[in-house]
Amino acid sequence: DWLMMTTHGPPVVVNTFLSNYWVWGPLACRLFGALGGVFGVASIMTMVVIGWDRYNLIVKGLTGTEVTPFKAFLAIIGIWAYAILSSCPPFLWGWGDYKLEGLMLTCGYDYMTEDWNHQSYILYAFTFDYVIPMVLVAYFYSQIVKAVFVHEAALRAQAKKMNVESLRANQDASKNSIEFRIAKVAITNVFIWAISWTPYA
């Protein structure tokens, strides 16, 4: 996200204040679009990996995959490799393209050209860089929320059997339950991610 801001903010600001169109030329337009693709896909795939890591830790627990620093490093390399390989075909190999969009101040995926070369790339990017990651993130967080609710119900049942109000020490009754707080955070994460990317997708 920081790389997206630093590489995309200045050219757009200059375009906005100095002219009413893209002033940097066609090669810079295509490079701007490719970098936007790389950084956007890396951001989305990072959300998928974070969701998987939380799912692995909370839902799978002790039976989950142990994430070592080396595995985390490989995940980061995998995210960036996927982002680059997914976003560079229009720039390097001519599958799809990057063109001026909107108010002619920015460049992005060429979704206006209606030949199969361009439309097949847009279909690919929509499916593999938006729909599948969205489904994965929604699945991971829904399973996390479900696991937390089941765990909290089991704690309440055990407390009832022991004839105590709660198994947690110093629980403040005025605060939200842990299940509510985790559910709220998970749903907020998915919601913000969805409203950030859905309009462009």
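In which helix does Trp116 lie? Trp116 lies in helix H5, where helices (H or I, at least four residues) and strands (E, at least two) are DSSP runs numbered from the N terminus. The structure is a predicted model, in which local features need pLDDT of at least 70 and side-chain atom pairs count only at pLDDT 80 or more, whereas totals for chains, interfaces and linings use all residues. Residues are numbered from 1 along each chain as its sequence is written, and side-chain values use heavy atoms, with hydrogens and water left out.

Trp116 is exposed, with a relative accessible area of 64%; exposed means over 50% relative accessible area, buried under 20%, and partly exposed in between (1.4 Å probe, protein chains only). From C-alpha to C-alpha, Trp116 is 8.8 Å from Gly96 in space, and the two are 20 residues apart in sequence.

The nonpolar core was examined next. A nonpolar core is a set of buried Ala, Val, Leu, Ile, Met, Phe, Trp, Tyr and Cys residues joined through side-chain atoms within 4.5 Å. The largest one holds 27 residues, of which Val137 and Tyr141 touch the most other members. At least two residues of this core come from each of helix H2 (26-60), helix H3 (69-87), helix H5 (116-161) and helix H6 (178-197). H5 gives the most, with ten residues. Not counting residues up to four places away in sequence, Val137 touches Met47, Val48, Val190 and Trp193, contact being defined as heavy atoms within 4.5 Å. In soluble globular proteins, nonpolar side chains tend to be buried together.

The expected span of a helix is 1.5 Å times one less than its number of residues. The 35 residues of H2 should therefore span 51 Å, and its end C-alpha atoms are 49 Å apart, which agrees. Just after H2, Gly61 takes a positive phi of about 60 degrees. Within helix H2 is Ser43, a buried residue with a relative accessible area of 15%. Ser43 is in contact with Asp1 and Trp197, leaving aside its neighbours within four places in sequence.

Buried residues were also found in other elements. Ser86, in helix H3, is buried, with a relative accessible area of 1%. Beyond its neighbours within four places in sequence, Ser86 is in contact with Val41, Tyr121, Tyr124 and Asp129. Glu101 belongs to strand E1 (residues 98-101) and is buried, with a relative accessible area of 14%. With neighbours within four places in sequence left aside, the contacts of Glu101 are Thr106, Cys107, Gly108, Tyr109, Tyr111 and Tyr200.

The largest pocket has a volume of about 520 Å³. On a 1 Å grid over the protein atoms alone, a pocket is an open set of points where a 1.4 Å probe fits, with protein on both sides within 12 Å along at least five of seven lines; lining residues have an atom within 4 Å of a point. Grid points are joined across faces, edges and corners, and the volume is the space filled by probe spheres set on the points. Of the 24 lining residues, Gly37, Tyr109, Trp197, Tyr200 and Ala201 lie nearest the centre of the pocket. Helix H1 (2-18), H2, strand E2 (106-109), H5 and H6 each give two or more residues to the lining, and the largest share, seven residues, comes from H2.
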